[in-house]
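Biologist: I would like to learn how to read helix packing. Can we take it step by step?

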Amino acid sequence: MAACWGTWTGRRVLSVATGAGAVYLLYRTVAEALSSAPGGTNHYRLESPDHQDGLPVEEVLSRRVCEELLEMLRAQQDGRSRSAILRSITRCVYLMDAKNPTCSPEHIQLVASCLDNHNGDTKVQALNTLRAFATRSLFTAQVQDYYPKILDLVISSRDTEVQVAALRLLNALPVPPNIEPLLRRAVPNLLGFLQWDNYAIQLQVLRLLIALSRKEELLPDILNCQVRPEFLSLMNNSQPGKLLCEMLLLVEVLHGGCAKPRRPSKSPKSGSCSLYEVLFGENSHLDEHLLVMFVHPEERVQLQACKLIMSLWLYKLDAEIAAAALGKHGAGSAASLHISPSGESIF
């Protein structure tokens with residue numbers, strides 16, 4: 001028993017020392033780098049932490065370090081220095097207690113102000129720091145206030161690293177209310193990103209589109225959005241399994257949304273190539289791409305494709321049975337069928 005206690009205590013002490021030491025070294029590294037830089041100051045100093053409120057020493061120290069780093073961020077204007085500080089703040093936020101963080105809304109506003117910095121790495125680190133704050137339920141709503149700004153970075157930035165960081169932050173946030181008009185304008189750009197040869201952007205965009213497709217008020221706009229005829233070329237066995245699984249899930253969510261009784265929206269323009277037509281129209285080649293997925297080397301892709309094929313087939317069967325019943329009895333409503341954005345049956 002004594003031996004076990006000694007072993008456990010030793011591990012605990014080592015864990016605390018390692019956690020506290022990492023936070024302290026993190027602070028010292030940034031502080032010394034800033035103090036030794038041209039025009040730097042030497043007033044960055046961290047007092048010895050007290051064991052407050054029964055909190056572990058690494059928790060107290062991470063709070064102190066985060067407070068000091070935020071003050072350093074306020075004082076620094078150089079983009080490269082701000083980037084280093086933001087990276088350290090991000091680590092401290094993840095170390096802090098999720099239920100009792102020490103930061104304030106003003107701190108989030110300070111971090112968000114770095115999104116206007118001309119330095120690309122500073123923007124990336126600011127987005128990562130906001131994502132860390134978003135994991136703390138007390139600050140999720142405050143980070144949500146910057147949703148339009150973050151979405152604009154995705155659409156307008158020419159820096160792919162900034163775009164990926166912004167997309168990851170959007171995927172970590174709930175979609176705020178009353179933002180549908182902005183999202184509708186962004187949908188064509190998001191679908192266009194799927195044609196880029198950039199795995200990280202494609203993956204994050206697919207995850208965002210899945211979340212947006214689950215919103216009934218946005219579904220018609222997504223389905224009516226114009227896409228290239230080769231849109232389905234993304235579904236090929238040369239793609240990574242994770243990307244294909246997200247793509248198949250998006251198609252499943254879109255199909256499930258179409259299956260719900262709904263009012264038909266405006267019809268697509270004549271000769272247009274809408275996402276609905278590419279996926280579910282009469283000339284769609286979706287079935288061919290799904291069958292190809294059966295020989296993908298990853299089993300999860302095969303299972304996801306099989307699930308989607310069964311869903312499509314079962315709905316078609318149900319629609320045929322419903323149509324036969326309506327024809328036999330001469331009554332019923334087209335609203336009970338699978339209605340497309342143009343008001344037609346999907347099959």
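**Reading helix pairs and the core**

Modeller: One caution: this is a predicted model. Now, a pair of helices. α10 passes α12 in a left-handed crossing.

Biologist: At what angle do α10 and α12 pack, and how far apart are their axes?

Modeller: The angle is about 20°, and the axes are 9 Å apart. Angles under 35 degrees count as roughly parallel. α10 and α12 are therefore roughly parallel to each other.

Biologist: Which residues in α10 meet which in α12?

Modeller: From α10, they include Leu203, Leu206 and Ile210. On the α12 side, Leu243, Leu250 and Leu254 are among them. By class, this contact of α10 with α12 has eleven nonpolar, two polar and three charged residues.

Biologist: Now the core. Which residues of the largest nonpolar core touch the most other members?

Modeller: Leu127, Leu191, Leu254 and Phe280, out of 90 residues. Helix α12 gives the largest share of this core, ten residues.

Biologist: What is Leu254 in contact with, leaving aside its neighbours within four places in sequence?

Modeller: Ser213, Leu219, Ile222, Leu223, Leu275, Leu279 and Phe280.

Biologist: Next pair. How are α3 and α5 arranged, by angle and axes?

Modeller: Helix α3 spans residues 79–95 and α5 spans residues 120–134. They pack at about 15°, axes 8 Å apart. With angles under 35 degrees counted as roughly parallel, α3 and α5 are therefore roughly parallel to each other. The crossing of α3 past α5 is left-handed.

Biologist: Which classes of residue make the contact of α3 with α5?

Modeller: Seven nonpolar, seven polar and five charged.

Terms used: Residues numbered from 1 in each chain as written. Predicted model: local features only at pLDDT ≥ 70, side-chain atom pairs only at ≥ 80, totals over all residues. Heavy atoms only, no water. Axes fitted to C-alpha atoms, helices over the stretch in contact; angles between N-to-C directions. Helix = DSSP H or I, 4+ residues; strand = E, 2+ residues; numbered from the N terminus. Parallel < 35°, antiparallel > 145°, perpendicular 65-115°, else oblique. Left-handed = near helix turned anticlockwise from the far one by under 90°. Contact = heavy atoms within 4.5 Å. Nonpolar A, V, L, I, M, F, W, Y, C, P; charged D, E, K, R; others polar. Core = buried A, V, L, I, M, F, W, Y, C linked by side-chain atoms within 4.5 Å. Buried < 20%, exposed > 50% of the residue type's maximum accessible area, 1.4 Å probe, protein only.
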